[in-house]
Amino acid sequence: MEETIFDKILAGTIPSAKVYEDEDVLAFRDVNPQAPTHVLVIPKKRAVNFTELKDRDEEEVGRFFQKAARVADKLGLDEEGYRVVINSGRHGQQTVAYLHAHILGGRQMNWPPG
Ligand code: 5GP
């Protein structure tokens, strides 16, 4: 499987602005932020996209989402709210083939998404 930029961030071979790390996830700031707060959360156990989660252990999947919620809390976004986005596959416009949840906050979001 081809190494992605997020594999390299996880391995520490390219730098990132880390906001949280534990045994399950790494969270770091998006290099091209689309909101005042824009953080990416990735599972340490690699998944290519959201679809792969259908075959994963329930606890592992649950932990990923729980940790993402804790990251949003840690970022101080709970009171005003925020958006969690997972782009999956080509039509989802996923550009990095390593599952990641975007946490976007600090401004009013719009709907529908583009
Ligand atoms: P996607 O389009 O796959 O859902 O999101 C990929 C995200 O990764 C984009 O928001 C993009 O700005 C971000 N990104 C791409 N390369 C890097 C990088 O080297 N470092 C960081 N921190 N973010 C990156």
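These entries record what I looked up about the pocket, the ligand and the cavity in a predicted model.

**Entry 1. Basis.** I noted that local features need pLDDT of at least 70 and side-chain atom pairs count only at pLDDT 80 or more, while totals for chains, interfaces and linings use all residues. Residues are numbered from 1 along each chain as its sequence is written, and side-chain values use heavy atoms, with hydrogens and water left out.

**Entry 2. The largest pocket.** I looked up its volume, which is about 840 Å³. A pocket here is an open set of points on a 1 Å grid over the protein atoms alone, with protein on both sides within 12 Å along at least five of seven lines; lining residues have an atom within 4 Å of a point. A volume is the space filled by probe spheres set on the points, which are joined across faces, edges and corners. I found 33 lining residues, with Gln34, His38, Asn87, His102 and Leu104 nearest the centre. Two or more of the lining residues come from each of α1 (5-11), β2 (25-29), β3 (37-43), β4 (82-85) and β5 (101-105). Helices (H or I, at least four residues) and strands (E, at least two) are DSSP runs, numbered from the N terminus. By class I recorded 16 nonpolar, 13 polar and four charged residues in this lining. Ala, Val, Leu, Ile, Met, Phe, Trp, Tyr, Cys and Pro count as nonpolar, Asp, Glu, Lys and Arg as charged, and the others, Gly among them, as polar.

**Entry 3. The ligand.** I found the ligand in the largest pocket, the criterion being that more than half of its atoms lie within 2 Å of the grid points. The ligand is surrounded by 16 residues, the closest being Arg29, Asp30, Asn87, Thr95 and His102; a residue is near if one of its heavy atoms lies within 4 Å. Helix α1 gives the largest share of this shell, three residues.

I then looked up polar contacts (pairs of N or O atoms within 3.5 Å). An oxygen atom of the ligand lies 2.8 Å from a side-chain N or O atom of His102. Polar backbone atoms also take part: that of Val31 is 3.3 Å from a ligand nitrogen, and that of Gln93 is 3.3 Å from a ligand oxygen.

**Entry 4. The largest cavity.** A cavity is a set of points where a 1.4 Å probe fits but cannot get out. I recorded a volume of about 30 Å³ for the largest cavity, which is lined by Pro43, Lys45, Leu53, Arg56, Glu60, Val61 and Phe64. Helix α2 (residues 58-74) gives the most to this lining, three residues.

Technical notes. A polar contact is a pair of N or O atoms within 3.5 Å; within protein, one must be able to donate a hydrogen and the other to accept it, and residues adjacent in sequence count only if both atoms are side-chain atoms.
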